[in-house]
Amino acid sequence: MAIIFSNPKDREAFEKRKFLEKTIGKISDREAVLLRNLLNPHLENRLSHIQIVNIKEGLIYSLYTEENVLEMIEENLSYVRLVLLPDENLEWLDTNARTQFTCLSILKEIPGYEGQIDLYGNTILNHIQSYFDSMAYSSQHIQPQSIQPQTRTQQFNGKQFPTLDEKVKVLEKVKSIYDQIMNSDNYSKWLKVGDEHQIQWTKNYLQESNLYLGIGIDQENFLLVRDIVLTSLDLIKYSSSLMSIEKYVPSPERTLFVDKMKRAWSQQKYRDAGKTKSLTTCH
């Protein structure tokens, strides 16, 4: 049964609410966050208060009170769909925390791009999603040859953004570098999963050389600390120029550091064993 309105403004308000609920209600939270960020400058930052929790409901409520926004919403949503990296492209990052730590560290070093890492939640995967969803060209952008040929760029709100195809190519290159780093790894098996003493010792050893990445996570969780330790080893003397080359080769500095570290750990174990033996003899 059709709803009859005696006041045209009531009908207009009803249709507006219906449009917002239908249009925003069916998009993902990531799309909603990006939409909020794109609309906010045009609305004098009146959407800044909307939190990630219940982002879609917050957008519907806030935009309902704004005038002349329906066309703007459709235009910006069209742009969002052009640049948002689909979740399936990021599935390989669900493997383990080390994969995510290493990927994020590589992303931050890629020349010519910039992005925020705090659009969503606090997990490393959230940070990676955030980086790609806000990814733009920096003022010093020179596209790595391995990412070419460059497809047309998107211009929006005074910034230039890479297309979705280019983002996919960047992610594929990051994965290629990561896979090659893993293939050259000679320390994962050495760093025992259940040996908290060795993990803590290796972390301290890296910190003394200013090589521990120190990503902000629960330092009491030794499985995560181990992943950070391995990532720190992965990226010793990592160069952003890796994006421009076809084959990754471990730096001599990393090879030398790992060899010295393993020898130092062997000496530490020998000293620890000597202390244990002395204590046993005393008793």
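Predicted model: local features only at pLDDT ≥ 70, side-chain atom pairs only at ≥ 80, totals over all residues.

Tutor: Residues are numbered from 1 along each chain as its sequence is written, and side-chain values use heavy atoms, with hydrogens and water left out.

Student: At what angle do helix α8 and helix α9 pack?

Tutor: Helices (H or I, at least four residues) are DSSP runs, numbered from the N terminus. Axes are lines fitted to C-alpha atoms, for helices over the stretch in contact, and angles run from 0 to 180 degrees between N-to-C directions. Here α8 (residues 196-208) and α9 (residues 222-234) pack at about 40 degrees, their axes 10 Å apart. That angle makes α8 oblique to α9; angles under 35 degrees count as roughly parallel, over 145 as roughly antiparallel, 65 to 115 as roughly perpendicular and the rest as oblique.

Student: Which residues of α8 and α9 meet?

Tutor: Contact means heavy atoms within 4.5 Å. From α8, E196, I199, Q200, T202, K203 and L206 meet F222, V225, R226, V229, S232 and L233 of α9.

Student: How do α2 and α4 cross?

Tutor: The axes of α2 and α4 come within 10 Å and cross at roughly 125 degrees. The two helices are therefore oblique to each other. In their contact, E31, L34, L35, L38 and L39 of α2 meet M72, I73, N76, L77, Y79, V80, R81 and V83 of α4.

Student: How many residues of helix α3 are buried?

Tutor: Buried means under 20% relative accessible area, exposed over 50%, partly exposed in between (1.4 Å probe, protein chains only). Seven of the 10 residues of α3 (residues 55-64) are buried, so α3 is largely enclosed by the rest of the structure. They are I55, K56, G58, L59, I60, S62 and L63, and they pack against α1 (8-25), α2 (29-39) and α4 (70-83).

Student: Which residues touch the most other members of the largest nonpolar core?

Tutor: A nonpolar core is a set of buried Ala, Val, Leu, Ile, Met, Phe, Trp, Tyr and Cys residues joined through side-chain atoms within 4.5 Å. The largest has 48 residues, of which C103, L107, I128, F132, V170, L233 and M261 touch the most other members. Helix α7 gives the most to this core, with seven residues.

Student: What does F132 contact?

Tutor: Leaving aside neighbours within four places in sequence, F132 is in contact with L85, L107, K167, V170 and L171. A second, separate core of 19 residues includes L39, I50, L59 and L119.
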